[in-house]
Amino acid sequence: NIVDAATLDILTKVPVPDECIYGFAFTDDSKRVIATGLYDQIPIIYLDRENSYVENTVSINAWSFSADYNSVDSMFYVLEQNNYLHIVDPLTGVIRHTLNTIDEYNVKIAIDNQGIPLILTSTSLMYEGEIYPMPGPSSSLTYYPDNDLFLIPVPGPDVVCVFEPKMVGFQQFKPGK
């Protein structure tokens, strides 16, 4: 559904696969959004209020739970659940490049201010070609661009991991300290 943000009225319905949408990313101008979920045909939706429509579809091998938009190269980064990261042109839906993430379970992607993707997998973080083992499993990843920090909560004894690209490493904190 395309909804008016002020009135919350439904403006139009855009046909996408019936499965749940797990993630999405908008272009900087908010004219296009890519919606990921339990399907291998990822829609890119052109947003124009009641005139919104599926503009392109990206074909990948498996489903995807996460995508992000890279303001540096103006591309969508679609993280396939198994093994791959696809760099997609938002205007054409063409996959420009595919990278192997060397992990069977990719969870989430976020892109820093310099345009470098950070990939959270089931066991590690991948950043600039380096793999950093995680101290525990997590499915949450938040990027704070003002501080250039990634925050990853780890279940267990109230631990939060901070990945600081400038320092290229982990710091662990217990909340309140």
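A residue counts as buried when its relative accessible area is under 20%. In this predicted model, N106 has a relative accessible area of 1%, so N106 is buried. N106 belongs to strand β11. The side chain of N106 makes a polar contact of 3.0 Å with the side chain of T101. Leaving aside residues up to four places away in sequence, N106 touches F65, L79, E80, Q81, N82, N83, Y84, T101, I119, L120 and T121.

The structure holds seven aromatic pairs. In one of them, the ring centres of F65 and Y105 are 6.4 Å apart, and the planes meet at 55°, so this pair is classed as tilted. F65 sits in strand β7, residues 64–70, while Y105 sits in the loop between β10 (95–100) and β11, so the pair ties together parts that are 40 residues apart in sequence. With a relative accessible area of 36%, Y105 is partly exposed, because that class covers values between 20% and 50%. F65 and Y105 also belong to one aromatic cluster together with Y22.

A further aromatic pair is formed by Y127 and F150, with 6.4 Å from centre to centre and 65° between the planes, an edge-to-face arrangement. Y127 is part of strand β13 and F150 is part of strand β16, so this pair ties together parts that are 23 residues apart in sequence. Both Y127 and F150 are buried.

F150 also has a place in the largest nonpolar core. This core has 15 residues, and L125, F150, I152 and F163 are the ones that touch the most other members. At least two residues of this core come from each of β11 (106–111), β12 (117–121), β13 (124–127) and β16 (149–154). The strand that gives the most is β16, with three residues. Another core lies apart from this one; it has 13 residues, including A25, I42, I60 and V88.

The next part to follow is strand β4, residues 32–37. Six of the six residues of β4 are buried, so this strand is largely enclosed by the rest of the structure. R32, I34 and T36 point one way from β4, whereas V33, A35 and G37 point the other way. The residues on both sides are all buried.

Strand β4 pairs with two strands in turn. With β3, residues 21–26, the pairing is antiparallel and runs over five bridges. Within this pairing, F24 has A35 of β4 as its bridge partner. The hairpin of β3 and β4 has five residues between the strands, and S30 there takes a positive phi near 60°. With β5, residues 41–46, β4 also runs antiparallel, and three bridges join the two. Here the bridge partner of V33 is I45 in β5. The hairpin that leads from β4 to β5 passes through three residues.

V33, in turn, is bridged to I45 of β5.

Methods: Residues are numbered from 1 along each chain as its sequence is written. This is a predicted model: local features need pLDDT of at least 70, side-chain atom pairs count only at pLDDT 80 or more; totals for chains, interfaces and linings use all residues. Side-chain values use heavy atoms; hydrogens and water are left out. A nonpolar core is a set of buried Ala, Val, Leu, Ile, Met, Phe, Trp, Tyr and Cys residues joined through side-chain atoms within 4.5 Å. Buried means under 20% relative accessible area, exposed over 50%, partly exposed in between (1.4 Å probe, protein chains only). Helices (H or I, at least four residues) and strands (E, at least two) are DSSP runs, numbered from the N terminus. A polar contact is a pair of N or O atoms within 3.5 Å; within protein, one must be able to donate a hydrogen and the other to accept it, and residues adjacent in sequence count only if both atoms are side-chain atoms. Contact means heavy atoms within 4.5 Å. Two strands pair if DSSP finds at least two bridges between them. Rings of Phe, Tyr and Trp (its six-membered ring) pair if their centres lie within 6.5 Å; planes under 30 degrees apart count as stacked, over 60 as edge-to-face and the rest as tilted.
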